[in-house]
Structure formats: C-alpha cells, structure tokens
Amino acid sequence: MGESSTGERSMNQLVTRNEFANELAAPDTASTAVAAQAKALVEARYIMAIRRPRDMDVVRERMLKECLRPSFAAVARYTKPIGRDRSKWPTGPSIRFAEAAVRNMTNITVETMTVYDDREKRIVRVTVTDLEANVPYSQDITIAKTIERRQKKDGDTVIATRTNSYGDTLYILEGTDDDIINKQQALISKAVRTLGLRLIPGDIVDECMDQVVVTQANGDAQDPDAAKRKLFDAFAGLGVQANQLKEYLGHEAATLAPKDLADLRSLYAAIRDGETTWREVMDTRVAAAEAKTASLDAVREAANKKRTPAPPPVDAGPTYAQLADQVNKSTSREVADLVLDSATDLPADQQADLRKLVESKFGA
C-alpha cells in the first residue's frame with residue numbers, strides 16, 4: 001500500500017492531467033529550460049560585475065588611448081546640419097565613440113527585443129544596463145517597413161507618393177527585408193549611443209572629444225594632402241563625389257584648411273551613422289546661403305538710403321493769409337493786381353475771396 005502511494009505521488013510530479021482530452025500531458029520542459037538559462041545568464045553577469053568592478057581611472061586611460069588613434073578620431077565626432085545658423089549645429093560623440101566607450105566601461109550590457117511586429121512597422125526595445133549600479137535605460141524604436149525613392153522599378157509595391165521641397169515626386173515603397181534590416185540596425189545604433197552615453201561620466205566624454213580634435217589636427221598638420229585624399233575617398237564610399245564636396249566647400253579644394261577638414265570629417269561621421277544625408281546637408285547650406293544673401297541685400301539697401309540725400313523741400317508758394325496781408329498793405333491797384341497774379345497756386349475759392357478783397361479796397 002505504501003509503495004503504491006509513493007509511485008502515485010511520483011507520477012503526479014511528472015505529469016498533469018488534461019481533463020478535457022482525458023490524457024496525460026508532459027510539462028513544457030523546453031520553455032522551463034530556456035527561462036532557467038536566461039536567469040542563470042543574468043545572475044552570472046551581475047556576479048561578475050560585483051567581483052570585477054570597473055576602475056574609472058582605467059576607463060579614462062583606455063578611452064584617451066582610443067582617441068589618440070587617427071583612424072578612430074576620424075569617426076569619433078559628428079556634426080549634424082540643422083537650421084541656418086552653423087554655430088548652432090549639434091556636435092558630439094558619434095555612434096562609434098559610444099560603442100568604444102561602452103566596451104571600455106565594462107559591466108554594461110546591451111539588449112534588444114522585438115515587442116511588436118506587423119506588416120507596416122516593427123517596434124524594438126533597446127535596453128542598456130549598468131550591472132554595477134543596476135541602472136537600466138530603455139527606449140522603444142519604431143521601424144517603418146517602407147522606403148522612399150525618386151523612381152520606382154518593376155515589382156516595387158507603391159504605398160503612397162509625396163512631393164518634396166524641390167517639387168520632385170517621391171515614391172513610398174514597401175521595403176524589402178534588407179531595407180528593413182538596414183533601417184533597424186541604424187536606429188538601434190542611435191538608441192545605443194543615446195542610452196550608453198548616459199552611463200559614461202560627462203567629464204570623460206568632454207576630455208575625449210577635446211583629444212579627438214587634437215588628434216585630427218595633428219594628423220592634418222603632418223600631411224594635409226594625404227588627409228584630404230583619405231577624406232575624399234571616404235566620402236566616395238558613401239556615394240558623395242569630389243565635385244559635390246567642392247560645391248559644398250565653395251572652392252576648388254586644391255588645399256583644405258584645417259577647419260574644412262574638421263568640418264568634412266564630422267559630416268562624414270554623421271552621414272555614415274545615418275544622422276543625416278548629403279542632400280539634407282546641401283539643402284541646409286543652400287537655405288543658409290539664401291538667408292545670408294537676403295540679409296546682405298537688406299543691409300545694402302539701408303546703406304544706400306542713408307547715403308542718398310533727401311530731396312529739397314518743394315516751395316509751396318505763399319498762403320492765402322500772406323497774400324491777403326499784402327493786398328491790405330498795397331498802396332495802389334497795380335500793386336494789388338500783382339498780388340492777385342501770384343495767387344494762381346491757391347484754390348479757386350480762395351482766389352475769388354482775394355479778388356473780392358482787392359475790389360472792396362480799390363473798387364471794381
């Protein structure tokens with residue numbers, strides 16, 4: 001009897017009864033194993049973070065060493081053209097810098113998870129966690145499963161059309177798997193940069209940015225022609241040709257000043273990271289040039305008005321009161337008639353009144 005009861009309890013631990021089908025169903029051991037594995041992985045990460053905490057002095061040293069490398073410094077800083085005022089364009093650490101900073105900080109984990117997916121869009125949650133401080137930052141990014149093109153090809157599925165600022169018709173097409181993956185990876189990288197930089201001390205980031213500028217300047221000073229060729233080749237890899245760069249610079253670019261090299265280098269990082277496009281860069285530059293021209297025209301017009309002398313006042317002639325006074329002071333009819341002759345600029349009724357005044361004094 002005891003053995004029978006023990007066997008029944010063992011059976012109840014291994015199986016559950018499906019009352020509707022009157023069958024014995026085995027527990028979902030696959031999901032249980034996956035959950036246990038995920039739990040063990042998370043616990044292992046936190047345990048390692050506690051046992052091997054980061055040293056901020058070492059982090060600073062590693063990041064400054066990274067910024068001393070010319071190839072890293074060339075893509076560590078970006079500039080995004082927004083608005084007409086160039087001094088207000090946002091500039092800061094690029095995605096490549098954030099990736100290096102997260103790696104050198106250690107004990108930071110980056111996770112992505114798809115939380116929604118349908119035919120039109122996909123929502124991915126990006127989470128960056130500091131395992132030592134147990135501080136997670138997360139952000140949901142939405143990937144539209146569409147692309148924009150100026151021309152459509154056979155087989156493209158057109159969803160809608162729109163007209164850009166140049167009056168060109170753009171086709172909104174259903175994106176392919178490769179298009180969607182490219183957009184997703186670019187948006188995830190931006191989210192990782194935004195969230196990851198929150199976990200890195202700001203003073204270290206600022207010091208690294210200063211070192212990046214110094215490294216770029218030193219490399220440009222050693223061989224500016226080589227720096228220019230390398231930069232032009234990098235833009236060519238993005239589809240931006242040399243003549244387009246010269247149009248942006250506004251000269252033939254036989255030689256580039258250090259400021260031009262730094263400017264192009266930061267724009268290259270922004271375009272490569274997906275922050276902007278070359279067309280947006282040129283649109284911003286054209287708008288700024290038009291605004292500057294309009295401002296200069298207004299200044300020139302104001303200066304011309306200031307230099308042009310005011311016309312002399314127009315002599316309006318004597319008034320009725322003045323002529324009437326002269327008639328009263330006249331000593332003869334001949335003098336009074338001369339006063340009447342000078343009253344031609346007066347209105348007709350005032351001339352009639354003045355004539356009556358002469359007749360009343362000297363007779364008709």
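The legends below describe close-up views of a predicted model. Local features require pLDDT of at least 70 and side-chain atom pairs pLDDT 80 or more, whereas totals for chains, interfaces and linings use all residues. Residues are numbered from 1 along each chain as its sequence is written, and side-chain values use heavy atoms, without hydrogens and water.

**View A. Lining of the largest pocket.** The largest pocket holds about 930 Å³ of space (a pocket is an open set of points on a 1 Å grid over the protein atoms alone, where a 1.4 Å probe fits, with protein on both sides within 12 Å along at least five of seven lines; lining residues have an atom within 4 Å of a point). Of its 27 lining residues, Glu 148, Gly 274, Thr 276, Thr 277 and Glu 280 lie nearest the centre. Strand S7 (135-144), strand S8 (146-149), helix H6 (177-197) and helix H11 (278-307) each give two or more residues to this lining (helices are DSSP runs of H or I with at least four residues, strands runs of E with at least two). Helix H6 gives the most, with six residues.

**View B. Lining of the second largest pocket.** This pocket holds about 390 Å³ of space. It is lined by 20 residues, with Pro 70, Ser 71, Ala 74, Lys 230 and Arg 265 nearest its centre. Contributors of two or more residues are helices H4 (70-73), H7 (202-222), H8 (224-237) and H10 (258-272); H7 gives the most, namely six.

**View C. Val 115 in strand S5.** Val 115 lies in strand S5, residues 108-117. Its relative accessibility is 34%, so Val 115 counts as partly exposed (between buried, under 20% relative accessible area, and exposed, over 50%, with a 1.4 Å probe and protein chains only).

How values were computed. Grid points are joined across faces, edges and corners, and a volume is the space filled by probe spheres set on the points.
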